[in-house]
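Here are a few friendly notes to read with the model open beside you.

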Amino acid sequence: MIRKCKEIISKWEHYIRIEMEAEVMACVHGYAMILTWLFMKFVVGEDGVSLLYVVEMGFLGYLLAWLQRLVFWKEKAYSIREYRLREIVWCALPLVLTFPAGKILGWFAGLPAVCEWGFYGLLVPYYIVMWIMMKRFFRKDTRQLNELLDEYKADSGNRSEE
Amino acid sequence: MKIKVIENKHRAGEEPEVVIYCSEENQEIRRLVKLIQSMDIRIAGSNENVSCSLRQEDIYYFEAVDGKVFAYLEKEVWQVPHSLESLGRLLKAGRGSSFFRISKSCIVNLDHVEHLTSMMGNRIIAGMENGEEVIISRHYAGMFRDYLKYGRCGDDTEM
């Protein structure tokens, strides 16, 4: 009984962790969109803010985070070609989805065109910079992991020699 | 306790021999014998009609496929009559041993891991010395990092 309860708790912890990781990314996307949209409205001198649009951007951020997570969902070693392809999809998803979402949901209805172009003009470099930063992070993490592996091997060699 | 390693070129090809000199065989000595014996665990492997005894240092990784567990050596693959859980216990995977559970279906020998690559989705790819690659799953990646850093992992580790 206790073992079963522990298993259920462990599963829930696992699901909650996945959800939390997706939500962190959702906040990053959602916040970037909302802030950029508000900034562009401020630049063109618009004061009114539609809460519906803010909620929509929040939801789009959440959707993007989950779609990006699904791109690397499978627990397997991808081939270099497959990994590169998924990386491109991961990076392109926000670019591909934000533009039609803005059009369909009418985030820029009644606003000067500069507002819309400014919005995408700021978001596109942001997504690209984020991708470059992620690449840098994984390169650094790989280097640290290999240093740890070397240390571990040297250490275990020393242990067995003692 | 004094420890001495004596190299003897004339014993080339023979198994290493451990001799313990002591005034009497006490608890400490018995523990030491057990520890040394645990380093020489051999795993029975079978391949069609052939059977053999596999030395743990020759095994690169174990993988469970369709309910069967296989030991992967540099070039050979042998089926072993154990579950991954029992192998984990037998090899003390993750408790000062060079074997570590890296996914639901795989235990890897860290001594044969050549390089590691951090990937998106919080997973790590382990490149083996024979050119194969195995994946350290999201669930085990954190424990794996701790194990490399501190040589141990949490008590709740499912080996």
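**Notes on loops and helices**

1. Let me begin with B:His112, which is buried, its relative accessible area being 12%. Please keep in mind throughout that this is a predicted model. The residue sits in the loop that links β7 (106–109) and β8 (113–119) of chain B. What does B:His112 contact, once neighbours within four places in sequence are set aside? The partners are B:Glu57, B:Asp58, B:Ile59 and B:Tyr60, together with B:Gly127, B:Met128 and B:Glu129.

2. Next, have a look at B:Glu48, in the loop between β1 (42–47) and β2 (50–55) of chain B. Its phi is near 55°, a positive value in a residue other than glycine. Most residues other than glycine have a negative phi. Is B:Glu48 buried or exposed? With a relative accessible area of 79%, B:Glu48 counts as exposed, because the cut-off is over 50%.

3. B:Asp66 also deserves a glance: phi here is near 50°, again positive in a residue other than glycine. The loop in question runs between β3 (61–65) and β4 (68–72) of chain B. B:Asp66 is exposed, and its relative accessible area is 76%.

4. Staying with chain B, helix α3 (residues 138–150) has 13 residues. From first C-alpha to last it reaches 19 Å, close to the 18 Å expected at 1.5 Å a residue. Its buried residues include the aromatics B:Tyr140, B:Phe144 and B:Tyr147.

5. Over in chain A, the axes of helix α1 (residues 2–43) and helix α2 (residues 51–71) come within 7 Å and cross at roughly 135°. That angle makes α1(A) oblique to α2(A). The crossing is right-handed.

6. Which residues make up this contact? On the α1(A) side they include A:Ile18, A:Ala22, A:Met25, A:His29, A:Met33 and A:Trp37. On the α2(A) side, A:Tyr53, A:Met57, A:Leu60, A:Leu64 and A:Gln68 are among them. The residues of the contact of α1(A) with α2(A) divide into 15 nonpolar, five polar and four charged.

7. Finally, α2(A) itself: the end C-alpha atoms of its 21 residues are 30 Å apart, which agrees with the 30 Å they should span at 1.5 Å a residue. Among the buried residues of α2(A) are A:Tyr53, A:Met57, A:Leu60, A:Leu64 and A:Gln68, and A:Glu56, A:Arg69 and A:Val71 are buried as well.

Definitions and conventions:
Residues are numbered from 1 along each chain as its sequence is written. Chains are lettered from A and ligands numbered from 1 in the order in which they are written. This is a predicted model: local features need pLDDT of at least 70, side-chain atom pairs count only at pLDDT 80 or more; totals for chains, interfaces and linings use all residues. Side-chain values use heavy atoms; hydrogens and water are left out. Helices (H or I, at least four residues) and strands (E, at least two) are DSSP runs, numbered from the N terminus. The expected span of a helix is 1.5 Å times one less than its number of residues. Buried means under 20% relative accessible area, exposed over 50%, partly exposed in between (1.4 Å probe, protein chains only). Axes are lines fitted to C-alpha atoms, for helices over the stretch in contact, and angles run from 0 to 180 degrees between N-to-C directions. Angles under 35 degrees count as roughly parallel, over 145 as roughly antiparallel, 65 to 115 as roughly perpendicular and the rest as oblique. A crossing is left-handed if the near helix is turned anticlockwise from the far one by less than a right angle, and right-handed if clockwise. Contact means heavy atoms within 4.5 Å. Ala, Val, Leu, Ile, Met, Phe, Trp, Tyr, Cys and Pro count as nonpolar, Asp, Glu, Lys and Arg as charged, and the others, Gly among them, as polar.
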